[in-house]
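User: Hi! Could you walk me through this model while I have it open on my screen?
Analyst: Happy to, go ahead and ask.

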Amino acid sequence: MKEILKITTLVTTILFCSVDARVRPIGLPKSLLECFQRYSQNTYTKKYPVEQQSLICLQRFTWMESKTPCKKMSNTELNYLRSLFNKSKNHRKKRATQNKRKRKEYRSLTEKERKVFHDAVLALKAKSTSNYETIANYHQANAGQSAHGGPNFPGWHRVFLLIYEEALIEASNGKLSGIPYIDWRLDYRLSSPGSSILWTNEYLGNGDGRVRNGPFENWVINRTTLVRNVGTTQRDPTNEDSVAELFAITSARSFADQLENVHNIGHIYVGGLMNSLRYATYDPVFFMHHCWIDYLWWRYQCPNGRCRDDRFVYPGTNRDGDHAPNEPMDNLVYKGELLTKDGYDRRWLDNVEYEISPADCNENCNSRYATNGLECVSSRCLSATSGNFSPFEKRKKRSANRRNRHFRKRKREVLSYPVQNIFRVDCESDTTLWGYIPVKVVYVRCTDEQVYNSFTVKNGTVLSSTAYDFYDNRPEIQKIDRLTLTGHPSHFKNCTADESGVFKINVNSYGLNYRGNYEEYAIVDDRIPLSSAMAYIAVKRPTKRRSSKVYLTAFDGCGRYCTPECLVPGSKPPRYEPCTGAIEIDVKRPKGYANTFDDAVLMYFNFRKPGSFPTFNERSVPIVFYCKRNEKWIPAP
């Protein structure tokens, strides 16, 4: 009886609090808005998915704003790092070809070489002083303003890689020849990149949430569980075109800038800890990813093995602040010992040799890369997969009279697994630090991409078609087309709902006055011309002293932008108008957030009494996203 009274009190309270939630639309920070504006040209959004460009801006903004380390390095830790640095320098001076560190693509390693690498990482972490943790913490504690967002980005991380590599070689008792790298192009070539053999027990372990198998299963570093969300926010890894465009750049400064963008995509694609500046290094994938970034830089500096002097000249100027040539390299290793310009010194490569990636192979590939981790024919390689299908299968094409729509050879797993968030705010990770707000998405079907197996019937005959289905039959659907005015922006390669019509809309939050983000998705029905769904998004709980400012985004499962519209206070019935997607939440009543996920659900669904049919409180929804394939991408001022 007491429990029933409690529930009755709760639903009554929620029912009579159906007034506008206290959430205020705000503008975006100048640096973030300027980044959006650079990418918001129509020609650009037609070439690249907007989600990809938005995430690059958000990643860069987050990393540049992370000025306060969660952990200061002790003198003992710094001395250990300095010893590794000095050993690396000494090895560099030897210049002996036979002693060069040899870096290969991870999947081209033999089983024995792969085990040596895994064992070295585990041995480094198993040290009583946790040497792995010391190196990992150095990135978040000391990787300040010169490590990202400027021409020193590749140089800083090249030196950081050498320090980590020295530690691994030491931990392996000299058995390890060098850090392996991950070339994401091998995964992009798969029809389903998430099926890559990378995310299996024999390689790096699962990529869906807490890492439960593989060499790094159940890892906990600095009280932080190893988590990945492969392909949930960034659906596809780096593609061929992005790398080709990188190598076409003639300016070393422009190359460094675009290289960091390519780098950001890898962090976002793996997700989980990799999507956090402070904790990305807790996943060994971080170093393998950065080794590939260094591989790309090496290929740019030494095309076809012939190094160009002009590409080893530091491109920064005295106007570049922390990236100016004579600024210290963010205490790497001690203040004043290395300058930003030193990162471009050719001598860092004296003791490093890269094996050409299987992704760059164009002849005799099947004999050059005969390992279980790769599928190669004579002129092309791609990642082996965890499935039992051939990655070289070609997809059947739909009728060309409907904008070249495609049938899928096999079912696309749109909803493979829920996102495992790390619930981190600044330097703490705890669910109780977060509150929740209801968010609605309205979705317009992408009628030029998929035909469902349901058709109109005439005189008893099913009129099957490769161009239209029952739900988007012509000419009836044109009425809705004229009202929605959809466009044709670029989208990710693997862009389909599954065969039932289930389709995902990614809805995320990014702290503007706190460091933390949250990933979620809403589920819509792609069969229907117009549909809607709810999501409940976590934001940092405000306090009496400090409100929470947060930027909310939504993109459909193809990477296309969903336009935000914010609730107009006092409007009856509720009315929405264009906004940036950024909002401010405080503790004043009426509260615009709930302390728990279930209470956020009850903000929207109101019950008069237990067991009654709920009503919908639209005034509790501070923001709605309209997903209609808009070609214009720029948040409203």
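User: Let's start with a proline: where is the place of Pro 573?
Analyst: Pro 573 sits in the loop between β19 and β20. Helices (H or I, at least four residues) and strands (E, at least two) are DSSP runs, numbered from the N terminus. Bear in mind that this is a predicted model, where local features need pLDDT of at least 70 and side-chain atom pairs count only at pLDDT 80 or more, while totals for chains, interfaces and linings use all residues. Residues are numbered from 1 along each chain as its sequence is written, and side-chain values use heavy atoms, with hydrogens and water left out.

User: Which residue does a cis peptide bond join to Pro 573?
Analyst: That is Lys 572, and omega is about -5 degrees. Arg 589 and Pro 590 are also joined by a cis peptide bond, with omega about 0 degrees. Pro 590 belongs to the loop between β21 and α15. For background, most peptide bonds are trans.

User: OK, what order do the strands have in the open sheet with mixed pairing?
Analyst: The order is β17-β12-β24-β19-β20, five strands in total. The edges are β17 (530-540) and β20 (576-578), each pairing on one side only. Two strands pair if DSSP finds at least two bridges between them.

User: How many bridges pair β19 and β24?
Analyst: Four, in the antiparallel sense, between residues 563-567 of β19 and residues 623-627 of β24. Within that pairing, Cys 566 has Ile 623 of β24 as its bridge partner.

User: Which helix lies across β12 and β17?
Analyst: Helix α15 (residues 597-604) does, running at about 50 degrees to β12 (434-444). Axes are lines fitted to C-alpha atoms, for helices over the stretch in contact (heavy atoms within 4.5 Å). Angles run from 0 to 180 degrees between N-to-C directions.

User: And what about the open sheet with antiparallel pairing, what is its strand order?
Analyst: That one runs β1-β21-β18-β15-β16. Its edge strands are β1 (23-26) and β16, and the twist averages 30 degrees from one strand to the next. Four bridges join β18 (residues 548-556) to β21 (residues 582-585), and Val 550 stands opposite Ile 583 in β21. Helix α4 packs on this sheet, touching β15 and β18, and its direction makes about 155 degrees with that of β18.

User: Switching topic: how many cavities of 30 Å³ or more does the structure hold?
Analyst: Six. On a 1 Å grid over the protein atoms alone, a cavity is a set of points where a 1.4 Å probe fits but cannot get out, and lining residues have an atom within 4 Å of a point. Grid points are joined across faces, edges and corners, and a volume is the space filled by probe spheres set on the points. The largest cavity has a volume of about 380 Å³.

User: Which element gives the largest share of its lining?
Analyst: α4, with five residues. Of the 27 lining residues, the closest to the centre are Thr 62, Asn 275, Ser 276, Gly 516 and Asn 517.

User: Last one: how many disulfides does a search of the whole structure find?
Analyst: Six, counting a disulfide as a pair of cysteine sulfur atoms within 2.5 Å. One of them links Cys 302 and Cys 307, with sulfur atoms 2.0 Å apart. That link is right-handed, with 90 degrees about the S-S bond.

Methods: 1 Å grid on protein atoms, 1.4 Å probe; cavity = no way out; pocket = protein on both sides within 12 Å on 5 of 7 lines; lining within 4 Å.
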